[in-house]
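Trainee: I've got a new model open and I'd like to talk it through with you. Can we go piece by piece?

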Amino acid sequence: MNHRVLFDYYEDDEIDEAVIALQRRPRIFYERVNYLELYDNHDFICRFRISKETFRTLLRLIEADISPPSQRNRAILAPCKLYMMLRYLATGSFLLTVADLTGVSESSACRYIHQVCRAIAIHRSKFIYFPKNVVDMRKVVSGFYSLSSFPKVVGAVDCTHIKIQSPGRQITYKIYMLSSIILTLMCPIIFDNSLIKSQFETDIIKGYLLGDGGYEVKPYLMIPLLNPTTRSQQLYNESQIRTRNVIERCFGVLKRRFPVLSKGITTSLINTQAIIMTCAIIHYP
(Lines give C-alpha, C1' and ligand atoms only; values in the text may rest on other atoms or scores of the structure.)
Protein backbone atom coordinates (compact mmCIF):
# COMPACT_ATOMS: atom_id res chain seq x y z
CA MET A 1 0.00 0.00 0.00
CA ASN A 2 2.77 2.40 0.88
CA HIS A 3 4.49 1.64 -2.44
CA ARG A 4 1.35 2.47 -4.40
CA VAL A 5 0.95 5.76 -2.60
CA LEU A 6 4.57 6.62 -3.21
CA PHE A 7 4.41 5.91 -6.93
CA ASP A 8 1.27 8.01 -7.29
CA TYR A 9 3.50 11.09 -7.12
CA TYR A 10 5.59 10.10 -10.20
CA GLU A 11 5.00 9.79 -13.90
CA ASP A 12 5.17 6.34 -15.52
CA ASP A 13 8.51 7.10 -17.24
CA GLU A 14 10.09 8.14 -13.97
CA ILE A 15 8.88 4.93 -12.32
CA ASP A 16 10.41 2.86 -15.13
CA GLU A 17 13.77 4.61 -14.73
CA ALA A 18 13.68 4.08 -10.98
CA VAL A 19 12.95 0.37 -11.39
CA ILE A 20 15.75 -0.07 -13.94
CA ALA A 21 18.19 1.69 -11.65
CA LEU A 22 17.27 -0.66 -8.82
CA GLN A 23 17.75 -3.76 -10.93
CA ARG A 24 21.15 -5.35 -10.48
CA ARG A 25 22.80 -6.75 -13.56
CA PRO A 26 23.42 -10.47 -13.15
CA ARG A 27 27.04 -11.50 -12.87
CA ILE A 28 28.24 -13.32 -15.99
CA PHE A 29 31.32 -15.53 -16.09
CA TYR A 30 32.91 -15.84 -19.51
CA GLU A 31 35.15 -18.62 -20.70
CA ARG A 32 38.87 -17.95 -20.33
CA VAL A 33 41.03 -19.69 -22.88
CA ASN A 34 44.56 -20.96 -22.35
CA TYR A 35 46.15 -19.69 -25.55
CA LEU A 36 49.41 -21.49 -24.87
CA GLU A 37 47.51 -24.73 -25.40
CA LEU A 38 45.18 -23.49 -28.13
CA TYR A 39 47.76 -22.16 -30.60
CA ASP A 40 51.02 -23.47 -31.98
CA ASN A 41 54.04 -21.19 -31.73
CA HIS A 42 53.48 -19.58 -35.15
CA ASP A 43 49.86 -18.65 -34.46
CA PHE A 44 50.77 -17.51 -30.96
CA ILE A 45 53.38 -15.10 -32.34
CA CYS A 46 50.91 -13.75 -34.90
CA ARG A 47 48.43 -12.86 -32.18
CA PHE A 48 50.66 -11.79 -29.31
CA ARG A 49 53.92 -10.74 -31.06
CA ILE A 50 56.12 -12.96 -28.89
CA SER A 51 56.94 -16.66 -28.82
CA LYS A 52 55.60 -19.05 -26.23
CA GLU A 53 59.03 -19.28 -24.62
CA THR A 54 59.27 -15.50 -24.32
CA PHE A 55 55.76 -15.47 -22.85
CA ARG A 56 56.83 -17.94 -20.17
CA THR A 57 59.96 -15.90 -19.45
CA LEU A 58 57.91 -12.73 -19.00
CA LEU A 59 55.43 -14.56 -16.83
CA ARG A 60 58.16 -15.83 -14.52
CA LEU A 61 59.54 -12.30 -14.26
CA ILE A 62 56.31 -10.62 -13.13
CA GLU A 63 54.03 -13.42 -11.91
CA ALA A 64 54.57 -12.63 -8.24
CA ASP A 65 53.69 -8.97 -8.86
CA ILE A 66 50.45 -9.51 -10.80
CA SER A 67 48.98 -12.68 -9.29
CA PRO A 68 45.77 -12.26 -7.25
CA PRO A 69 46.03 -12.93 -3.49
CA SER A 70 43.69 -15.91 -3.90
CA GLN A 71 41.83 -17.81 -6.61
CA ARG A 72 38.40 -17.35 -5.06
CA ASN A 73 35.46 -16.02 -7.10
CA ARG A 74 37.12 -16.81 -10.42
CA ALA A 75 40.02 -14.43 -9.83
CA ILE A 76 41.88 -13.34 -12.95
CA LEU A 77 45.20 -15.18 -12.96
CA ALA A 78 48.58 -13.86 -14.11
CA PRO A 79 48.64 -15.63 -17.55
CA CYS A 80 45.27 -14.14 -18.45
CA LYS A 81 46.46 -10.66 -17.50
CA LEU A 82 49.56 -11.09 -19.64
CA TYR A 83 47.45 -12.28 -22.59
CA MET A 84 45.29 -9.19 -22.53
CA MET A 85 48.25 -6.82 -22.19
CA LEU A 86 50.10 -8.39 -25.13
CA ARG A 87 46.98 -8.40 -27.29
CA TYR A 88 46.45 -4.71 -26.55
CA LEU A 89 50.02 -3.88 -27.59
CA ALA A 90 49.77 -6.07 -30.68
CA THR A 91 46.55 -4.52 -32.00
CA GLY A 92 45.94 -1.17 -30.35
CA SER A 93 42.30 -2.25 -30.24
CA PHE A 94 39.53 -0.94 -28.04
CA LEU A 95 39.67 -2.36 -24.52
CA LEU A 96 36.31 -4.05 -25.05
CA THR A 97 37.82 -6.14 -27.85
CA VAL A 98 40.72 -7.19 -25.64
CA ALA A 99 38.29 -7.96 -22.81
CA ASP A 100 36.23 -10.25 -25.05
CA LEU A 101 39.35 -12.15 -26.05
CA THR A 102 40.20 -13.01 -22.47
CA GLY A 103 36.73 -13.35 -20.97
CA VAL A 104 36.83 -10.37 -18.61
CA SER A 105 34.99 -7.08 -18.33
CA GLU A 106 36.19 -3.94 -20.06
CA SER A 107 37.04 -2.27 -16.76
CA SER A 108 39.07 -5.30 -15.68
CA ALA A 109 40.97 -5.28 -18.97
CA CYS A 110 41.86 -1.62 -18.51
CA ARG A 111 43.01 -2.15 -14.94
CA TYR A 112 45.11 -5.24 -15.58
CA ILE A 113 46.74 -4.03 -18.80
CA HIS A 114 48.16 -1.12 -16.85
CA GLN A 115 49.10 -3.34 -13.91
CA VAL A 116 51.09 -5.69 -16.14
CA CYS A 117 52.80 -2.86 -18.03
CA ARG A 118 53.93 -1.22 -14.81
CA ALA A 119 55.19 -4.56 -13.48
CA ILE A 120 57.32 -5.07 -16.61
CA ALA A 121 58.53 -1.45 -16.80
CA ILE A 122 60.00 -1.71 -13.30
CA HIS A 123 62.58 -4.13 -14.73
CA ARG A 124 63.72 -1.76 -17.49
CA SER A 125 67.31 -1.50 -16.22
CA LYS A 126 67.76 -5.24 -16.79
CA PHE A 127 66.96 -4.95 -20.48
CA ILE A 128 67.68 -1.40 -21.68
CA TYR A 129 71.10 -0.03 -20.85
CA PHE A 130 74.28 1.30 -22.37
CA PRO A 131 77.15 -1.25 -22.64
CA LYS A 132 78.58 -1.67 -19.15
CA ASN A 133 81.98 -3.23 -19.78
CA VAL A 134 84.79 -3.35 -22.33
CA VAL A 135 83.70 -6.65 -23.84
CA ASP A 136 80.15 -5.45 -24.50
CA MET A 137 81.44 -2.14 -25.84
CA ARG A 138 83.72 -3.90 -28.32
CA LYS A 139 80.80 -5.97 -29.59
CA VAL A 140 78.78 -2.80 -30.15
CA VAL A 141 81.67 -1.06 -31.95
CA SER A 142 82.22 -4.12 -34.13
CA GLY A 143 78.52 -4.30 -34.98
CA PHE A 144 78.36 -0.67 -36.06
CA TYR A 145 81.60 -0.98 -38.04
CA SER A 146 80.20 -3.92 -39.99
CA LEU A 147 77.36 -1.74 -41.30
CA SER A 148 79.43 0.77 -43.27
CA SER A 149 83.01 0.77 -41.91
CA PHE A 150 82.49 3.72 -39.57
CA PRO A 151 85.01 3.27 -36.72
CA LYS A 152 84.60 3.67 -32.96
CA VAL A 153 80.82 4.11 -33.00
CA VAL A 154 79.16 3.12 -29.72
CA GLY A 155 75.65 4.35 -30.38
CA ALA A 156 73.20 6.35 -32.46
CA VAL A 157 70.75 8.99 -31.28
CA ASP A 158 67.38 9.83 -32.75
CA CYS A 159 63.78 10.37 -31.68
CA THR A 160 60.29 9.40 -32.77
CA HIS A 161 56.86 10.74 -31.95
CA ILE A 162 54.01 8.72 -30.48
CA LYS A 163 50.47 10.00 -30.52
CA ILE A 164 49.20 10.23 -26.97
CA GLN A 165 46.30 11.79 -25.15
CA SER A 166 47.34 15.28 -24.18
CA PRO A 167 47.47 15.67 -20.37
CA GLY A 168 47.38 19.44 -20.82
CA ARG A 169 48.04 21.92 -23.57
CA GLN A 170 50.97 23.51 -21.79
CA ILE A 171 53.03 20.29 -21.58
CA THR A 172 52.07 18.40 -24.73
CA TYR A 173 55.42 19.11 -26.46
CA LYS A 174 57.37 17.97 -23.43
CA ILE A 175 55.48 14.68 -23.35
CA TYR A 176 56.25 14.01 -27.00
CA MET A 177 59.92 14.45 -26.23
CA LEU A 178 59.59 12.20 -23.22
CA SER A 179 58.03 9.55 -25.43
CA SER A 180 61.17 9.61 -27.53
CA ILE A 181 63.58 9.10 -24.68
CA ILE A 182 61.51 6.26 -23.28
CA LEU A 183 62.25 4.49 -26.54
CA THR A 184 65.92 4.61 -25.41
CA LEU A 185 67.09 7.23 -27.89
CA MET A 186 67.17 10.91 -27.22
CA CYS A 187 66.09 14.09 -28.90
CA PRO A 188 68.49 17.08 -28.65
CA ILE A 189 66.70 18.71 -25.71
CA ILE A 190 66.69 15.59 -23.56
CA PHE A 191 70.17 14.51 -24.63
CA ASP A 192 71.59 17.82 -23.38
CA ASN A 193 70.22 17.02 -19.91
CA SER A 194 71.01 13.31 -19.83
CA LEU A 195 73.46 11.28 -17.77
CA ILE A 196 74.86 9.72 -20.94
CA LYS A 197 75.98 13.13 -22.23
CA SER A 198 77.81 13.75 -18.97
CA GLN A 199 79.52 10.37 -19.24
CA PHE A 200 80.71 11.14 -22.77
CA GLU A 201 82.02 14.56 -21.79
CA THR A 202 83.96 13.16 -18.83
CA ASP A 203 85.40 10.27 -20.92
CA ILE A 204 83.64 7.61 -18.86
CA ILE A 205 82.24 6.44 -22.19
CA LYS A 206 84.74 6.50 -25.05
CA GLY A 207 83.71 6.46 -28.69
CA TYR A 208 81.35 8.26 -31.02
CA LEU A 209 77.62 8.78 -31.22
CA LEU A 210 75.98 9.35 -34.58
CA GLY A 211 73.05 11.71 -35.01
CA ASP A 212 71.22 13.60 -37.73
CA GLY A 213 71.40 17.30 -38.53
CA GLY A 214 69.15 18.20 -35.62
CA TYR A 215 71.96 17.62 -33.14
CA GLU A 216 74.84 19.92 -32.31
CA VAL A 217 78.32 18.73 -33.26
CA LYS A 218 80.36 17.56 -30.25
CA PRO A 219 83.76 15.87 -29.97
CA TYR A 220 81.86 12.63 -29.37
CA LEU A 221 78.73 13.34 -31.50
CA MET A 222 79.07 13.28 -35.27
CA ILE A 223 76.43 14.44 -37.72
CA PRO A 224 76.35 14.59 -41.55
CA LEU A 225 78.12 17.45 -43.32
CA LEU A 226 75.70 20.02 -44.65
CA ASN A 227 77.34 20.63 -48.03
CA PRO A 228 79.95 17.98 -48.82
CA THR A 229 82.19 19.00 -51.70
CA THR A 230 85.10 16.58 -51.81
CA ARG A 231 84.96 12.85 -52.40
CA SER A 232 86.18 12.24 -48.84
CA GLN A 233 83.36 14.33 -47.42
CA GLN A 234 80.82 12.50 -49.55
CA LEU A 235 82.14 9.13 -48.38
CA TYR A 236 81.94 10.34 -44.78
CA ASN A 237 78.29 11.32 -45.22
CA GLU A 238 77.41 8.03 -46.90
CA SER A 239 79.04 5.98 -44.15
CA GLN A 240 77.56 8.13 -41.36
CA ILE A 241 74.03 7.95 -42.75
CA ARG A 242 74.12 4.21 -43.45
CA THR A 243 75.43 3.49 -39.97
CA ARG A 244 72.95 5.80 -38.26
CA ASN A 245 69.97 4.48 -40.22
CA VAL A 246 69.91 1.36 -38.07
CA ILE A 247 68.14 3.28 -35.35
CA GLU A 248 65.53 4.70 -37.72
CA ARG A 249 64.77 1.16 -38.86
CA CYS A 250 64.46 0.10 -35.23
CA PHE A 251 61.73 2.66 -34.65
CA GLY A 252 59.88 1.50 -37.75
CA VAL A 253 60.09 -2.17 -36.79
CA LEU A 254 59.03 -1.43 -33.22
CA LYS A 255 55.93 0.46 -34.33
CA ARG A 256 54.96 -2.25 -36.80
CA ARG A 257 55.37 -4.94 -34.18
CA PHE A 258 53.27 -3.03 -31.63
CA PRO A 259 50.63 -1.00 -33.54
CA VAL A 260 49.45 0.62 -30.32
CA LEU A 261 52.46 2.95 -30.73
CA SER A 262 51.27 4.06 -34.17
CA LYS A 263 47.53 4.25 -33.57
CA GLY A 264 47.90 6.31 -30.42
CA ILE A 265 47.62 5.75 -26.67
CA THR A 266 44.64 7.25 -24.83
CA THR A 267 45.59 6.59 -21.22
CA SER A 268 46.94 8.67 -18.36
CA LEU A 269 50.54 9.89 -18.59
CA ILE A 270 51.86 7.39 -16.05
CA ASN A 271 50.25 4.45 -17.83
CA THR A 272 51.36 5.76 -21.23
CA GLN A 273 54.98 5.79 -20.11
CA ALA A 274 54.66 2.23 -18.81
CA ILE A 275 53.11 1.04 -22.09
CA ILE A 276 55.89 2.57 -24.20
CA MET A 277 58.59 1.19 -21.92
CA THR A 278 57.00 -2.27 -22.01
CA CYS A 279 57.07 -2.27 -25.82
CA ALA A 280 60.75 -1.35 -25.76
CA ILE A 281 61.60 -4.03 -23.19
CA ILE A 282 59.82 -6.77 -25.10
CA HIS A 283 61.30 -5.66 -28.42
CA TYR A 284 64.93 -5.40 -27.28
CA PRO A 285 65.61 -8.48 -25.10
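Trainee: Which helix holds serine 108?

Mentor: This is a predicted model, where local features need pLDDT of at least 70, side-chain atom pairs count only at pLDDT 80 or more, and totals for chains, interfaces and linings use all residues. Residues are numbered from 1 along each chain as its sequence is written, and side-chain values use heavy atoms, with hydrogens and water left out. Helices are DSSP runs of H or I, at least four residues, and strands are runs of E, at least two, numbered from the N terminus. By that scheme, serine 108 sits in residues 106–121, which is helix H8.

Trainee: Is serine 108 buried or exposed?

Mentor: Buried means under 20% relative accessible area, exposed over 50%, and partly exposed in between (1.4 Å probe, protein chains only). Serine 108 has a relative accessible area of 9%, so it counts as buried.

Trainee: Which residues does serine 108 touch, leaving out those up to four places away in sequence?

Mentor: Contact here means heavy atoms within 4.5 Å. With that cut-off, the residues touching serine 108 are Ile76 and Met84.

Trainee: Moving to H10, which of its residues are buried?

Mentor: H10 covers residues 134–148. Seen down the axis of H10, the buried residues fall within an arc of 35° (taken from the directions from the helix axis to the C-beta atoms), so they line one face of the helix. On the other side, Val135, Arg138, Lys139 and Ser146 are exposed. The buried ones are Met137, Phe144 and Ser148.

Trainee: What covers those buried residues of H10?

Mentor: Contact partners tell us that. The cover includes strand S1 (153–156) and helix H14 (231–257).

Trainee: Which residue caps the N-terminal end of H10?

Mentor: Look for a side-chain oxygen that lies 3.2 Å from the backbone nitrogen of valine 135. The residue that supplies this oxygen is asparagine 133.

Trainee: How many disulfides does the structure hold?

Mentor: A disulfide is a pair of cysteine sulfur atoms within 2.5 Å. Cysteine 80 is buried at a relative accessible area of 10%, and cysteine 250 is partly exposed at 22%. The disulfide count is zero.

Trainee: Where is confidence lowest in the protein?

Mentor: pLDDT is the predictor's confidence in each residue, from 0 to 100. The protein averages 82, and helix H5 (residues 52–66) is highest, at 96. The lowest, at a mean of 35, is helix H11 (residues 172–182).

Methods: Expected span 1.5 Å × (residues − 1). Polar contact = N/O pair within 3.5 Å; in protein donor to acceptor, adjacent residues only side chain to side chain.
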